[in-house]
Amino acid sequence: MAPSGPKLDFIGASETIITVAFNPLNSHDNYEIQWKEYPQKWEIDGQNKTINAKESYRNRSNKIQTNIEDLNPGTTYTVRLRVMSVVASDGESAAPGKPSPELIIDTEAVSCTPKASQCVLM
């Protein structure tokens with residue numbers, strides 16, 4: 001069985017995007033980030049995306065940073081991370097690891113106020 005998922009760090013949230021980061025394990029390259037609306041059930045409503053550590057963006061702290069997109073504004077989400085299994089030499093796949101501790105994050109509500117304007121002098 002793969003190890004438990006690394007701890008997720010909250011980076012930011014907008015109306016439809018949550019950004020998180022994590023320190024990858026030296027022993028594994030493939031991860032699955034999972035999310036669901038709070039308090040829905042993981043088994044029924046959980047969504048996910050696979051992250052390959054070798055192909056992913058790393059921030060200044062050398063952590064893998066990823067976005068969860070197409071979310072609903074003003075909604076509470078639960079987010080977690082799992083280490084995915086590696087395929088053994090005999091072709092058998094080991095079970096994925098236990099999920100990381102969960103983060104509970106709110107997306108921003110839709111704002112009806114105008115955005116601050118900016119002026120550029122040339």
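In what order do the strands of the open sheet run, and is the pairing parallel or antiparallel? The order is S1-S2-S5, and the pairing in this sheet of three strands is antiparallel. Two strands count as paired if DSSP finds at least two bridges between them.

This is a predicted model, in which local features need pLDDT of at least 70 and side-chain atom pairs count only at pLDDT 80 or more, while totals for chains, interfaces and linings use all residues. Residues are numbered from 1 along each chain as its sequence is written, and side-chain values use heavy atoms, with hydrogens and water left out.

The protein chain holds one helix and seven strands, arranged from the N terminus as β-β-β-α-β-β-β-β. Helices (H or I, at least four residues) and strands (E, at least two) are DSSP runs, numbered from the N terminus.

The edges of the sheet are S1 and S5, each of which pairs on one side only.

| Edge strand | Residues |
|---|---|
| S1 | residues 9-13 |
| S5 | residues 64-68 |

From one strand to the next, the twist averages 25°; axes are lines fitted to C-alpha atoms, and angles run from 0 to 180 degrees between N-to-C directions. S1 and S2 (residues 18-22) run antiparallel and are joined by four bridges. Asp9 stands opposite Ala21 in S2.

Of the 122 residues in the protein chain, 34% are buried, meaning under 20% relative accessible area with a 1.4 Å probe, protein chains only. The chain exposes about 8,100 Å², of which carbon and sulfur atoms supply 49%; accessible areas come from the Shrake-Rupley method with a 1.4 Å probe.

Note on methods:
Buried < 20%, exposed > 50% of the residue type's maximum accessible area, 1.4 Å probe, protein only.
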